[in-house]
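Grab a viewer and work through these exercises with me. Each one has a task and then a stepwise solution.

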Amino acid sequence: MKELGISREVVKPVLKNLLELYDMNWKLIEENNYRTLADAIFEPLDSKKSIAEGSTSSNTNTAIHKKRRKLIQVEDETEPIVNLTRPGVQSDNSSSSVQRKSKKLHNINDITRGTEKIKIPLIDDIGLEPPKFLYIPQNISYQDAYVPFSIARISDRDCCLNCNGDCLSRRVPCACSRETGGEFAYTPQGLLKDYFLNTCISMKRDPQDHHLFHCQDCPLEKAKNEHNPEPCKGHVLRKFIKECWRKCGCTMDCGNRVVQRGPTCKLQVFSTEGKGWAVRSAEYLPKGSFICEYVGEILTNTELYERNKQGRKNERHTYPVLLDADWGSERVLEDEEALCLDATHFGNVARFINHRCHDSNLIEIPVEIETPHHHYYHIAFFTKRNIDPYEELTWDYGIDFDDVDHPIKAFECQCASPYCRDRRKAIAAGGTKKKDSVVKGTASGSTSRKLNYKQVQ
Ligand SMILES: C[S@@+](CC[C@H](N)C(=O)[O-])C[C@H]1O[C@@H](n2cnc3c(N)ncnc32)[C@H](O)[C@@H]1O
């Protein structure tokens, strides 16, 4: 304790109380590197500080937290973190299921089980239920999804067979830059270029200002109401990043291969009060940094609908992501081509990233890697601005909190954004927000309210 700058005078009375409480059993106090003692010292300090700051945030980067983190070393849990429910039965990942259940802290040294190049610890300060899922570093088809990767399906126009080394250092950009207008989306430092990132941010923020594609037979509307679907509300034709791949002559170090190399920053999963598990980075991240992909099972929309139906009564999904960036460009999509990613049972670190309305610090961008056919693609998260160490990483799920028919039911949003779209909270608090202050039409039929958000961007 002295090493942490805690004086004898502070330790002594706490220790005395603990010994009395534990019938002089030293073993209980020594366990986990004197964690009980540390908790007993820090907890009253933590709560005093939160009261003084009027804050209940669990991730406040205070000196106390720093000291405590130093002491509480992450245990190496050799047990797999899975306790997988049988296929088809949803595990409950709603915020209610991730509430504080016991005082036992579930720290894990590396949730990836060595499947990523980096270790991703799970740090529990408050005693949350451990997550029930299996970590996978890459997407995998559940059953019916049609995801054909083949050399023959990549034309010579869609790859750079004759390149070698690093495509970014070529004087004339190669064929793989065509998707991004003849310029690569990445800088030599591996960040997304500003112009590209800013266009993606603007398309997400103001979809109504961009071209919407309307499907003739919208898979989303069919999932909501199979027999009498409403007309398609429109999908934004999203901008894609295109990375070099197997048919390209460049090396794995080529600057146009960022997402496929996997996460590299110091990510951590941590516990929060109210939102369950969350993700942060232990290091500073400049604007345009790649964080991770959204990895999960590749499902057809029908499979997702079936899963929702089965799980509806008592359990909830993590938030599945529709791969709808190109849906409207085809007249009718076959069912096995309308896909989504579901990270409920199998997923990567992205399944822990929480939602924040409008001013989230991450944005999800479609990435073409193995196939030029946009029924299937990757979803990659990039930072929208510079991010300080230990800031929670969030993205806007695009939820329409008013859409009661949506296959995925919205949760009660606790994002704390001044632009929060969840009107139920405002109404419960006696607010009088009117329906006409809402503008329909983001991708996936989600809703966005017209606020002064633009002015703060
Ligand atoms: C993709 S998961 C995110 C990780 C999740 N917190 C966990 O512990 O597994 C989505 C779920 O997290 C919770 N969640 C995410 N963002 C939230 C928010 N802004 N407010 C409340 N709950 C949130 C909801 O339960 C949601 O269904």
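Two ground rules before we start. Residues are numbered from 1 along each chain as its sequence is written. This is a predicted model, so local features need pLDDT of at least 70 and side-chain atom pairs count only at pLDDT 80 or more, while totals for chains, interfaces and linings use all residues.

**Exercise 1.** Work out the strand order of the five-stranded open sheet, and follow β16 through it.

Step 1. Strands here are DSSP runs of E, at least two residues, and helices are runs of H or I, at least four residues, each numbered from the N terminus. Two strands pair if DSSP finds at least two bridges between them.

Step 2. The order is β1-β7-β8-β16-β13, with mixed pairing. At the edges stand β1 (122-123) and β13 (354-355), each with a single partner strand, so one side of each has no neighbour in the sheet.

Step 3. On one side, β16 (residues 392-395) runs parallel to β13 through two bridges, and H355 has W395 as its bridge partner. On the other, β8 (residues 277-281) and β16 run antiparallel, also with two bridges; here R280 sits opposite E392.

Step 4. In a regular strand the side chains alternate between the two faces of the sheet. In β16, E392 and T394 point one way, L393 and W395 the other, and all are buried (20 or more other C-beta atoms within 10 Å of their own, with C-beta atoms placed from the backbone).

**Exercise 2.** Which residues touch the most other members of the largest nonpolar core?

Step 1. Such a core is a set of buried Ala, Val, Leu, Ile, Met, Phe, Trp, Tyr and Cys residues joined through C-beta atoms within 7 Å.

Step 2. Out of 84 residues, the answer is C160, V269, V349 and F382.

Step 3. Take V269: beyond its neighbours within four places in sequence, its contacts (C-beta atoms within 7 Å) include I111, V349 and F352.

Step 4. I111 belongs to the loop between α3 (63-71) and β1. I111 is buried, with 24 other C-beta atoms within 10 Å.

**Exercise 3.** How far apart are the end C-alpha atoms of residues 163-262?

Step 1. UniProt lists residues 163-262 as "domain: Pre-SET" in an unreviewed entry.

Step 2. The end C-alpha atoms lie 23 Å apart, and the span is 18% helix and 6% strand.

Definitions and conventions
Buried ≥ 20, exposed ≤ 12 C-beta atoms within 10 Å, placed from the backbone. Contact = placed C-beta atoms within 7 Å. UniProt positions renumbered as here; feature names shortened; annotations may be inferred.
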